[in-house]
Amino acid sequence: MAPSHVLRCCQRGLAWIPVIFIALVVCWSYYAYVVELCIYTIPSTGEKIIYLVVFHLSFIMFVWSYWKTIFTRPANPSKEFCLPKAEKEQYEKEERPEAQQEILKRVASSLPLYTRTGAGAIRYCDRCQVIKPDRCHHCSACDMCVLKMDHHCPWVNNCVGFSNYKFFILFLAYSLIYCLFIAATVLQYFIKFWTLCRRKSAENCPKSDLPDSHAKFHVLFLFFVAAMFCISILSLFTYHLWLVGKNRSTIEAFRAPVFRNGPDKNGFSLGFTKNIAQVFGDQKKYWLLPVFTSQGDGLTFPTRLVASDPEQPTVVLHPDTQSKSAEDGSIQQSSPLSESQNRLLDNHVHTNEDQGNALKSVVNTVRIEWQQINGEMQNSSAAVFMLFSIY
């Protein structure tokens with residue numbers, strides 16, 4: 001037991017190496033830009049002030065969002081998704097998978113679950129001994145089930161999921177802005193240092209007002225590092241923006257969630273605007289700040305298939321169990337359907353009613369017009385018959 005515990009501690013320590021590497025690169029980039037470029041290299045005072053102000057704004061937002069992504073604990077399923085003591089003992093004693101599934105179905109009948117395994121079974125984590133809520137997955141690196149898990153990111157040494165997905169998106173955005181600003185402002189000095197002629201006695205050698213010191217090495221490497229990170233972050237940021245617009249996680253993009261009606265990659269898609277609000281919230285003034293504003297509780301999510309799911313119960317979780325779980329720090333739910341889900345369903349119901357009323361009115365109008373045309377045709381036929389009879 002002791003060697004495995006030591007190995008686990010070593011693994012946790014080594015997992016911080018990518019984060020330490022990023023921190024060292026960021027600290028060096030701060031020194032190279034502020035000291036070597038702005039203080040020692042740029043001759044214009046006004047240019048220095050503008051560069052320093054914009055740089056520090058992007059630097060603060062980048063570090064803030066990166067910090068929140070790293071140190072925000074992943075959200076876990078609440079106690080309502082754990083098996084009761086009697087069912088848990090019965091589940092552990094049972095050896096047949098069919099009987100185990102019957103136990104899980106009996107417990108899950110009181111929970112707001114819409115997704116299943118590929119075989120149509122209840123999603124259960126034997127490691128955490130919990131019934132997995134929708135979009136919840138077990139992370140082997142964190143050794144826990146994470147609500148709305150997207151992926152485990154080694155550069156933040158944390159699981160990206162419901163509790164910190166917005167922070168991760170902002171971290172990518174501000175890191176991209178940070179690298180773009182550095183690359184754009186350093187470019188002209190990079191070119192000057194790169195083309196600086198060392199043979200001062202040569203003919204037509206361009207004279208430079210830049211200092212011939214060790215600052216040029218910092219400026220050269222600063223541009224290369226900023227451009228390299230900018231290219232890599234741009235592709236990742238674009239991909240996650242696409243996922244936000246589709247309301248998918250990285251796991252769901254590669255493996256579609258399975259509902260009772262079958263797999264559907266767009267099962268959680270509510271439309272572009274509502275998909276963005278699911279991650280960033282309803283109040284747009286907080287969208288660019290790394291503060292938690294995501295909708296829902298991470299346990300239930302509105303889906304396109306909710307209204308057509310006849311097996312889904314409408315059960316309210318007991319308030320005493322909610323208070324106990326809240327003391328444990330886990331994210332809770334007050335009802336199987338969150339407020340956003342109820343609004344969505346109400347909108348769907350009203351939309352269906354309006355469409356049904358509109359269709360009925362169109363049918364009645366066509367029916368009345370057809371009766372009028374039929375009556376006119378009958379009158380015309382009678383008139384023609386009378387004329388033929390007279391002649």
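**Exercise 1. Overall make-up**

Among contacts between residues at least 6 apart in sequence, what percentage joins residues at least 24 apart? Then describe the content of this predicted model.

*Solution.* 
- Step 1. Take the contacts between residues at least 6 apart in sequence; 65% of them join residues at least 24 apart.
- Step 2. Assign secondary structure. The protein has eleven helices and nine strands.
- Step 3. Check burial. The chain has 391 residues, and 43% of them count as buried.

**Exercise 2. Annotated spans**

Find which residues the UniProt annotation "transmembrane region" covers, then describe the spans 15-42 and 217-242 in the model.

*Solution.* 
- Step 1. Read the record. The unreviewed UniProt entry places "transmembrane region" at residues 15-42, 49-67, 167-191 and 217-242.
- Step 2. Take residues 15-42. This span is 82% helix and 0% strand, with 39 Å between its end C-alpha atoms.
- Step 3. Take residues 217-242. Here the chain is 100% helix and 0% strand, and the end C-alpha atoms lie 38 Å apart.

**Exercise 3. α2 against α6**

At what angle do the axes of α2 and α6 cross, and which residues make the contact?

*Solution.* 
- Step 1. Two packed helices are described by the angle and the distance between their axes.
- Step 2. Apply them. The axes of α2 and α6 (residues 165-194) come within 12 Å and cross at roughly 35°. The crossing is left-handed.
- Step 3. Name the residues. From α2 come V26, S29, Y30, Y33 and L37. From α6 come Y178, F181, I182, T185, V186 and Y189.
- Step 4. Sort them by class. The contact of α2 with α6 has nine nonpolar residues, two polar and no charged.
- Step 5. Follow Y33 of helix α2. Its relative accessibility is 0%, so it is buried.
- Step 6. List the contacts of Y33 beyond four places in sequence. They are C38, Y51, F55, F181, I182, T185, V186 and L222.
- Step 7. Y33 and F55 are 22 residues apart in sequence and 8.7 Å apart, C-alpha to C-alpha.

**Exercise 4. α4 against α5**

Are α4 and α5 roughly parallel or roughly antiparallel to each other?

*Solution.* 
- Step 1. Get the geometry. The axes of α4 (residues 85-93) and α5 (residues 97-108) come within 9 Å and cross at roughly 165°.
- Step 2. Apply the cut-off. Angles over 145 degrees count as roughly antiparallel. The two helices are therefore roughly antiparallel.
- Step 3. The crossing of α4 and α5 is left-handed.
- Step 4. Name the contact. E87, Q90 and Y91 in α4 meet Q100, I103, L104, R106 and V107 in α5.
- Step 5. Sort the residues. Four are nonpolar, two polar and two charged.

**Exercise 5. Positive phi**

What are the phi values of Q129, R135 and G281?

*Solution.* 
- Step 1. Recall the background. Most residues other than glycine have a negative phi.
- Step 2. Take Q129. Its phi is positive, near 55°. Q129 lies in the loop between β2 (124-125) and β3 (130-131). At 31% relative accessibility, it is partly exposed.
- Step 3. Take R135. Its phi is positive, near 70°. R135 lies in the loop between β3 and β4 (137-139). At 3% relative accessibility, it is buried.
- Step 4. Take G281. This residue follows α9 and has a positive phi near 95°.
- Step 5. Look back into α9, residues 272-280. Its buried residues are N275, I276, A277, Q278, V279 and F280.

Methods. Residues numbered from 1 in each chain as written. Predicted model: local features only at pLDDT ≥ 70, side-chain atom pairs only at ≥ 80, totals over all residues. Heavy atoms only, no water. Axes fitted to C-alpha atoms, helices over the stretch in contact; angles between N-to-C directions. Helix = DSSP H or I, 4+ residues; strand = E, 2+ residues; numbered from the N terminus. Parallel < 35°, antiparallel > 145°, perpendicular 65-115°, else oblique. Left-handed = near helix turned anticlockwise from the far one by under 90°. Contact = heavy atoms within 4.5 Å. Nonpolar A, V, L, I, M, F, W, Y, C, P; charged D, E, K, R; others polar. UniProt positions renumbered as here; feature names shortened; annotations may be inferred. Buried < 20%, exposed > 50% of the residue type's maximum accessible area, 1.4 Å probe, protein only.
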